[in-house]
Amino acid sequence: MEKIKLGISTCLLGKNVRYDGGHQLNRFLTDTLGQYVKYIPLCPEVECGLSVPREPMHLEGNPESPRLITNQTRKGMTDRLVAWAHNRMTELEKEDLYGFIFKSHSPSCGMEQVKVHDQKGRWVKKGIGVFAELFMEHFPLIPVEDEERLHDPRLGDNFIARIFTMKRWREVRSKKESRGSLINFHTRHKLLILSHSPNHYRMMGNLVGRAKELPLKKVFQQYQTLLMESLQLKITPKKNANVLMHTMGYLREQLTSDRKQELLEAIDRYRKEYIPLIVPITLLNHYVRKFHQPYLKQQVYLTPHPLELLLRNHA
Ligand code: SF4
């Protein structure tokens, strides 16, 4: 399997690039996810010319556009980092990244919840690291997460499912674009898209339905935008439970009333967050295989990423 290209804050790979000469190795990212991913490491502070070790920095000023300032000597580092980032962004466009994993809380790499200080050193609000903000502005549809949020089972499941979906989509686009390949992709991703946004699923369905009337390139472009937008919307237990009920509908002929009852109870317990998603999903996958349900067999929602990642065991 061709590996998925992800940008990553270099220190998460165990490289000694932090201000104190240390690293922030994350074993899940290197040992588990790393089996499926090719990382493009990037340390904004080192790549913009700062040394290791170096004076630590913080964000200061207006939380909407804070400045990057060194802690003791109070040197401004924003202009230097921004100038470097603008060039680097152009290079990153060529990398065709599927996503980016940032180091949390860093004044350069943090994608949210980064402390912003006032001039007296008190932190007044939370903001976004300088590089992370530029990256997200430049690549608004590319999935991003930080390593801390990835520990949240739902956010982790969501992020990984998005990058695997991007991979499948790019595989479709790498071949000759046709209405048939679009319909096939849309069909296989129906339940997954529904779990993010029934509204987007409707819009995408309309677009696929009008594919014959419009230039194919335009249809693929619009579909891609809607796909990326839909995947940005969070999955919740309620949305998932609705999709699980919908999935169960395809098996109503085959399931006995006992089995239906068991499945309904599992979905309800999941909706109330007493049990993880893997429980109703495993039951459904069992019935899909047992009764050879062809439509559900092709639904990526039931296995959106390799089971070895164990992401749904706690989601
Ligand atoms: S958080 Fe970002 S800037 Fe800081 S050491 Fe890690 S990669 Fe470099």
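Q: Why are H8 and H9 called roughly antiparallel to each other?
A: In this predicted model, H8 and H9 pack at an angle of about 170°, with their axes 10 Å apart. Axes are lines fitted to C-alpha atoms, for helices over the stretch in contact, and angles run from 0 to 180 degrees between N-to-C directions. Angles under 35 degrees count as roughly parallel, over 145 as roughly antiparallel, 65 to 115 as roughly perpendicular and the rest as oblique. The pair H8 and H9 is therefore roughly antiparallel.

Q: What makes the contact between H8 and H9?
A: Contact means heavy atoms within 4.5 Å. From H8 come His 200, Met 203, Met 204, Leu 207 and Val 208. From H9 come Val 219, Gln 222, Tyr 223, Leu 226, Leu 227, Glu 229 and Ser 230. By class, this contact has eight nonpolar, three polar and one charged residues.

Q: Why does Met 203 count as partly exposed?
A: Met 203 lies in helix H8 (residues 198-209). Buried means under 20% relative accessible area, exposed over 50%, and partly exposed in between (1.4 Å probe, protein chains only). Met 203 has 35% relative accessibility, so Met 203 counts as partly exposed. Met 203 and Tyr 223 are 20 residues apart in sequence and 9.0 Å apart in space, C-alpha to C-alpha.

Q: How do you know what to trust, and how are the residues numbered?
A: Residues are numbered from 1 along each chain as its sequence is written, and side-chain values use heavy atoms, with hydrogens and water left out. The model is predicted: local features need pLDDT of at least 70, side-chain atom pairs count only at pLDDT 80 or more, and totals for chains, interfaces and linings use all residues.

Q: What makes a helix or a strand here, and how many does the protein chain have?
A: Both are DSSP runs, numbered from the N terminus: helices (H or I) need at least four residues and strands (E) at least two. The protein chain has 13 helices and eight strands. Buried residues make up 49% of its 315 residues.

Q: Why are H11 and H12 called roughly antiparallel to each other?
A: The axes of helix H11 (residues 257-271) and helix H12 (residues 278-290) come within 9 Å and cross at roughly 150°. H11 and H12 are therefore roughly antiparallel. Their contact includes Leu 263 and Tyr 270 of H11, and Leu 283 and Tyr 287 of H12. By class, the contact has eight nonpolar, no polar and three charged residues.

Q: Why is Thr 78 called buried?
A: Its relative accessible area is 7%, so Thr 78 is buried. Thr 78 is found in helix H3 (residues 78-95). Leaving aside its neighbours within four places in sequence, Thr 78 is in contact with Arg 67, Leu 68 and Val 130.

Q: What makes a space a pocket, and how much space lies in the largest pocket?
A: On a 1 Å grid over the protein atoms alone, a pocket is an open set of points with protein on both sides within 12 Å along at least five of seven lines, where a cavity is a set where a 1.4 Å probe fits but cannot get out. Lining residues have an atom within 4 Å of a point. Volume is the space filled by probe spheres set on the points, and grid points are joined across faces, edges and corners. About 580 Å³ of space lies in the largest pocket. Of its 29 lining residues, Arg 18, Tyr 19, His 105, Ser 106 and Pro 107 are the closest to its centre. The lining divides into 11 nonpolar, 11 polar and seven charged residues.

Q: What makes His 105 stand out, and is His 105 buried or partly exposed?
A: His 105 has a positive phi of about 65° although it is not a glycine. His 105 sits in the loop between strand S5 (99-102) and S6. With a relative accessible area of 42%, His 105 is partly exposed.

Technical notes:
Ala, Val, Leu, Ile, Met, Phe, Trp, Tyr, Cys and Pro count as nonpolar, Asp, Glu, Lys and Arg as charged, and the others, Gly among them, as polar.
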